[in-house]
Amino acid sequence: MRKIYTAAIVIICLIVTMNIVFADSSREIRMEYEDEGITVIFDGSSSDDELLCKKIADRIVYGDNENENDNDNDNDNEVEPMSLCWLFGHDITTSSVTVITHKAKTYSPRCLKELYHVQTCSKCDYYKEECLSAVYIVCHPND
């Protein structure tokens, strides 16, 4: 009887573990920017906040428009007056973002796939992105 009980516990643990692994792999978020011909893919470790993912994707695709209008301000790392991150520290969230620029070149391989490492703070507007790799892939055939 004890062997059956032990085997049942092991089987239940395996089933629960497999459900957790498959649930995490399906959390991928895809955003299509058809006007720019760009697809932004957030991996399973990204936050579930779609608004934050949208802000990150917009910033990667369209660039940082906030600092372009300020010619007098050369300091990009200003502390917000409403945030206390300078005292208590940032609450950093790290995610991997894949950006595919479709039809970037004329001939195959013509689509550019870039992998970004993005850090954001949930308390303030701290944002840091780093392009880890860029490679051309076969995504669309030649026209």
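The following conversation goes through a predicted model of one protein chain.

User: What elements does the protein chain have, and in what order do they run?
Analyst: The protein chain has three helices and five strands. From the N terminus on, the order is α-β-β-α-α-β-β-β. Helices (H or I, at least four residues) and strands (E, at least two) are DSSP runs, numbered from the N terminus.

User: What should I know about the model and its numbering?
Analyst: Residues are numbered from 1 along each chain as its sequence is written. This is a predicted model in which local features need pLDDT of at least 70 and side-chain atom pairs count only at pLDDT 80 or more, while totals for chains, interfaces and linings use all residues; side-chain values use heavy atoms, with hydrogens and water left out.

User: What share of the protein chain is buried?
Analyst: Buried residues account for 22% of the 143 residues. Buried means under 20% relative accessible area, exposed over 50%, and partly exposed in between (1.4 Å probe, protein chains only).

User: Which residues have the most contacts inside the largest nonpolar core?
Analyst: They are Val 40, Phe 42, Ile 60 and Val 97, in a core of 16 residues. At least two residues of this core come from each of β1 (29-33), β2 (38-42), α2 (50-62), β3 (92-101) and β4 (111-121). The largest share, five residues, is supplied by α2. A nonpolar core is a set of buried Ala, Val, Leu, Ile, Met, Phe, Trp, Tyr and Cys residues joined through side-chain atoms within 4.5 Å.

User: And what does Val 40 touch?
Analyst: Leaving aside neighbours within four places in sequence, Val 40 is in contact with Ile 29, Arg 30, Met 31, Tyr 33, Ala 57, Val 61, Val 97, Thr 98 and Val 99. Contact means heavy atoms within 4.5 Å.

User: Turning to charges, how many salt bridges does the structure hold?
Analyst: The structure holds two. A salt bridge is a side-chain nitrogen of Lys or Arg within 4 Å of a carboxyl oxygen of Asp or Glu. In one, the side chains of Glu 28 and Arg 30 meet at 3.9 Å, N to O. In the other, those of Lys 54 and Asp 58 meet at 3.2 Å, N to O.

User: Where do Lys 54 and Asp 58 lie?
Analyst: Both lie in helix α2, four residues apart, about one turn of the helix.

User: Are Glu 28 and Arg 30 buried, exposed or partly exposed?
Analyst: Glu 28 is partly exposed because its relative accessible area is 45%. Arg 30 is also partly exposed, with a relative accessible area of 48%.

User: How many disulfides are there?
Analyst: The count is zero, where a disulfide is a pair of cysteine sulfur atoms within 2.5 Å. Cys 111 is in no disulfide, and the nearest cysteine sulfur, that of Cys 139, is 4.0 Å away.

User: Why does Cys 111 count as buried?
Analyst: Cys 111 counts as buried because its relative accessibility is 0%. Cys 13, at 46% relative accessibility, counts as partly exposed.

User: Lastly, which residues form the nonpolar patch on the surface?
Analyst: Leu 84, Trp 86, Leu 87 and Phe 88 form this patch, with about 500 Å² of accessible area together. Patches are made of residues with over 30% relative accessible area and no salt bridge; like charges are joined within 9 Å, and nonpolar side chains (Val, Leu, Ile, Met, Phe, Trp, Tyr) within 5 Å. Accessible areas come from the Shrake-Rupley method with a 1.4 Å probe, and for residues only the protein chains shown count as cover.

User: Where does Leu 84 lie?
Analyst: Leu 84 lies in the loop between α2 and α3 (85-88).
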